[in-house]
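Reader: I'd like a close look at the aromatic rings in this one, with the geometry spelled out. Could you walk me through them?
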Amino acid sequence: MEFAQLIRQRYSVRSYKSDPVPDAVLDRVLEAARLAPTAANRQPFRVLVIRTEGREEELGRLYRRPWFVEAPLVIGVCCLPAEAWVRRDGKSYGDVDAAIVMDHLVLAATAEGLGTCWVANFDPAAAREILALPAGVEPIAFSPLGYAADQPPERKRKPLTELLLRERWS
Ligand SMILES: Cc1cc2nc3c(=O)[nH]c(=O)nc-3n(C[C@H](O)[C@H](O)[C@H](O)COP(=O)(O)O)c2cc1C
């Protein structure tokens, strides 16, 4: 798929079929996550692959929307802050790294005809408990991974003229 088309094709899918994701497809999506760039190549992240079958109720506590557990898989991206690159003024880039990993995953999934939806509004305490996350592992984002059962809504975006600055702020 051409890149411009891929970017337009992706949208936040909030209804999924229960059809399985073939292992080879999942492998390609995960490989895209592995190849994501990270600050100083520290790779301070882990990707959790969670099968939803039989765990719908438990996983539903993580994020209370029915569509969150409709797909056969939920993917979680976690940050390991202790391994992240920190700029000399103290700013850590671990969250940025994790976001790039998730975006690679999301775009690769789109290229495979799969649907995803970033979920940051999950319950972090429930995520820790249900997924047995040790201290020092921070869940950053989740997404269902499966085949869409809805249609893309109209895309609402600010015009580029509002978002873009040239040379300097003012
Ligand atoms: C960092 C981040 C967190 C998000 N968290 C949630 C969420 O918790 N629940 C949800 O339904 N959508 C979530 N979204 C999806 C956004 O609402 C969505 O990307 C935005 O409205 C644009 O729509 P589109 O993805 O269909 O283009 C999140 C997106 C991002 C990038």
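Let's start with Trp85: what is its relative accessibility, and what does it count as?

Author: Trp85 counts as partly exposed, at 30% relative accessibility. For the cut-offs, buried is under 20% relative accessible area, exposed is over 50%, and partly exposed is in between, using a 1.4 Å probe and protein chains only. Keep in mind that this is a predicted model, where local features need pLDDT of at least 70, side-chain atom pairs count only at pLDDT 80 or more, and totals for chains, interfaces and linings use all residues. Residues are numbered from 1 along each chain as its sequence is written, and side-chain values use heavy atoms, with hydrogens and water left out.

Now the rings. A pair of aromatic rings is described by the distance of the centres and the angle of the planes. Rings of Phe, Tyr and Trp (its six-membered ring) pair if their centres lie within 6.5 Å; planes under 30 degrees apart are stacked, over 60 edge-to-face, and the rest tilted. That rule gives 4 aromatic pairs here. Tyr63 and Phe68 make an edge-to-face one, at 5.5 Å centre to centre with 75 degrees between the planes. Tyr63 counts as buried at 10% relative accessibility, and Phe68 is buried too, at 0%. Back to Trp85: its ring centre is 5.5 Å from that of Tyr93 and the planes are at 45 degrees, so this pair is tilted.

Two more bits for your notes. Ring pairs also tie Tyr63, Trp67 and Phe68 into a cluster.
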